[in-house]
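Subject: Structure for you to look at

Hi there,

Here is the structure I promised to send over. Have a look at it first, and then read on for what turned up.

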Amino acid sequence: MNWPAIAVERVELREVRLTLVHPFETSFGRIESRQAILVTAAGDGLEGFGECTAQPAPIYSYESNSTAWHVLEEFLVPALLGRTIRSPEEIGARLAFVRGHPMAKSAIEAAIHDLAARRLAVSLSALLGGTRTQVPVGISLGIEPTIEALVAQVERAVLRGYARVKLKIKPGWDVEPLRVVREAFPDLRLTADANAAYSLSDAEHLARLDAFGLEMIEQPLDHEDLFDHAALAEKIRTPLCLDESITGPETARHALRLGACRIINIKMGRVGGLVRARAVHDVAESAGAPVWCGGMLETGIGRCHNLALASLPNFRLPADLSESRRYFAEDIIHPPVTLSDPGMIGVPSGPGLGHAVLMDRVEKATLRTAGIGP
Ligand code: OSB
Ligand code: MG
């Protein structure tokens with residue numbers, strides 16, 4: 001689909017906080033609410049929305065809401081304001097002078113994509129060239145106080161119809177919870193995500209997880225260590241998937257070539273936007289490796305972007321994309337995201353995000369705002 005010439009006249013930043021219906025605990029800490037920067041790009045009488053996937057603290061990656069706010073306000077937005085954007089690649093090119101800060105870049109790039117899609121009156125998925133009308137989805141379940149509590153969560157997810165369940169693991173919360181869940185659900189598509197909590201010296205321990213028929217283990221080792229992931233892959237049978245380590249098409253190519261992973265989790269924020277996310281998708285596709293769309297507990301806005309991204313053809317495995325109600329009592333979009341069929345979420349077909357942004361709920365959740373431009 002042809003990209004329209006887009007004039008970015010004004011940008012608004014807004015930090016919001018939405019309480020999660022259930023706290024989410026990973027090897028790096030416990031998350032009780034989704035606190036995010038929303039970006040609105042206005043031009044030609046239309047508005048597009050983006051969401052920054054950073055969190056308040058620089059724990060999952062080095063970005064935080066404050067660094068993203070600073071970089072957006074001082075550098076990224078001024079580099080785009082008043083410009084006519086003639087291609088999706090032009091956004092990244094104009095932002096390339098800023099080193100790093102992929103989540104901040106992705107948020108404004110996403111807002112401009114939404115604006116472009118609305119301008120053409122097509123869905124974001126259509127603008128990207130998506131080929132799916134619904135995408136297979138799973139659920140990512142956090143560490144629970146007890147194994148019984150975890151089994152209850154898995155049971156609810158299975159009854160709800162999720163196509164795959166991912167369990168967060170860390171040293172001391174791995175073999176036992178996986179063993180018990182596997183015993184209770186022998187046919188469940190099951191994966192585990194360590195968020196970099198292990199080192200190569202744990203290889204023998206991690207090999208014990210081979211007994212549970214996991215479809216993959218996600219990011220067992222340090223985010224910067226492709227080499228040790230390749231060494232670990234030789235010592236265990238379960239396929240490795242990388243999340244934190246994959247920062248773009250470059251690391252994707254290196255990781256696949258080294259044998260550091262066989263599967264890639266793509267998050268648009270982590271890789272610096274939709275254009276780079278597609279580039280990672282293409283690198284993996286030509287290497288014959290499947291990808292799937294990861295999540296960062298996004299509000300409905302980020303979730304719609306993820307659904308559009310996951311409609312591309314090589315997103316062959318279930319996404320970490322769950323219903324709005326799994327995260328929030330009241331999402332900020334209408335209608336909320338729900339399962340369309342068991343284990344599937346429909347890709348929005350209306351213009352742009354395809355869901356309305358509920359500004360009254362956004363206002364209620366707002367912590368701070370900044371307007372940039374006339
Ligand atoms: O590692 O995939 C991860 C959430 C926050 C930070 C990191 C991760 C996650 C998830 C949640 O697993 C996935 C979702 O949005 O449902
Ligand atoms: Mg992960």
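Please keep in mind that this is a predicted model. I'll begin with the second largest pocket, whose volume is about 260 Å³. Its lining is made up of Val21, His22, Ile139, Leu141, Gln153, Arg156, Ala157, Arg160, Tyr162, Glu323, Arg325 and Arg326. Two or more of these residues come from each of β2 (10-26), β7 (139-141), α5 (147-160) and α13 (324-327). Helix α5 gives the most, with 4 residues. Sorted by class, this lining holds 5 nonpolar, 2 polar and 5 charged residues.

Now for the largest pocket, with a volume of about 680 Å³. There are 28 residues around it, and Tyr62, Pro102, Thr247, Arg270 and Val271 are the closest to its centre. The elements that supply two or more lining residues are α2 (88-95), α3 (102-120), α9 (249-258), α10 (268-271) and α11 (274-286). Of these, α2 has the largest share, at 5 residues. The lining splits into 11 nonpolar, 8 polar and 9 charged residues. Both domain 1 (6-121 + 356-372) and domain 2 (127-346) contribute, with at least three residues from each.

Which residues hold the magnesium ion (ligand 2)? They are Asp193 and Asp243, each through OD, and Glu218 through OE, at 2.1 to 2.3 Å. Along the sequence, these donors follow the spacing D-x24-E-x24-D. Asp193 sits in strand β9 (residues 190-193), while Asp243 is in the loop between β11 (240-242) and α9, so the pair joins parts of the chain that are 50 residues apart. Are these two aspartates buried or exposed? Asp193 has 1% relative accessibility and therefore counts as buried, the cut-off being under 20%. Asp243, at 0%, counts as buried too.

Strand β9 comes up again around helix α6 (residues 175-184). Val175, Pro177, Leu178, Val181 and Arg182 are the buried residues in that helix. Their cover includes β9, along with α5, β8 (165-168) and α7 (203-207).

A search of the whole structure gives 6 cavities of 30 Å³ or more. The largest cavity contains about 230 Å³ of space. It is lined by 25 residues, with Phe24, Lys168, Gly295, Met296 and Leu297 the closest to its centre. Strands β2, β7 and β8 and helix α13 each give two or more residues to this lining. By class, the lining of the largest cavity has 9 nonpolar, 6 polar and 10 charged residues. Domain 1 and domain 2 each provide at least three of the residues around the largest cavity.

The second largest cavity holds about 70 Å³. Around it are Glu51, Cys52, Thr53, Met103, Ser106, Ala110, Met268, Gly269, Glu298, Gly302, His305 and Asn306. Helices α3, α10 and α12 (300-309) each supply two or more of them. This lining divides into 4 nonpolar, 6 polar and 2 charged residues. Why does the second largest cavity lie between domain 1 and domain 2? Because both domains give residues to its lining.

Happy browsing, and do write back with any questions.

Best wishes

Technical notes:
Residues are numbered from 1 along each chain as its sequence is written. Chains are lettered from A and ligands numbered from 1 in the order in which they are written. This is a predicted model: local features need pLDDT of at least 70, side-chain atom pairs count only at pLDDT 80 or more; totals for chains, interfaces and linings use all residues. Side-chain values use heavy atoms; hydrogens and water are left out. On a 1 Å grid over the protein atoms alone, a cavity is a set of points where a 1.4 Å probe fits but cannot get out, and a pocket is an open set with protein on both sides within 12 Å along at least five of seven lines; lining residues have an atom within 4 Å of a point. Grid points are joined across faces, edges and corners, and a volume is the space filled by probe spheres set on the points. Ala, Val, Leu, Ile, Met, Phe, Trp, Tyr, Cys and Pro count as nonpolar, Asp, Glu, Lys and Arg as charged, and the others, Gly among them, as polar. Domain bounds come from an automatic or database domain assignment. Donors are N, O and S atoms within 2.8 Å of the metal (3.2 Å for Na, K and Ca); water is not among the atoms, so sites may look incomplete. Buried means under 20% relative accessible area, exposed over 50%, partly exposed in between (1.4 Å probe, protein chains only). Contact means heavy atoms within 4.5 Å.
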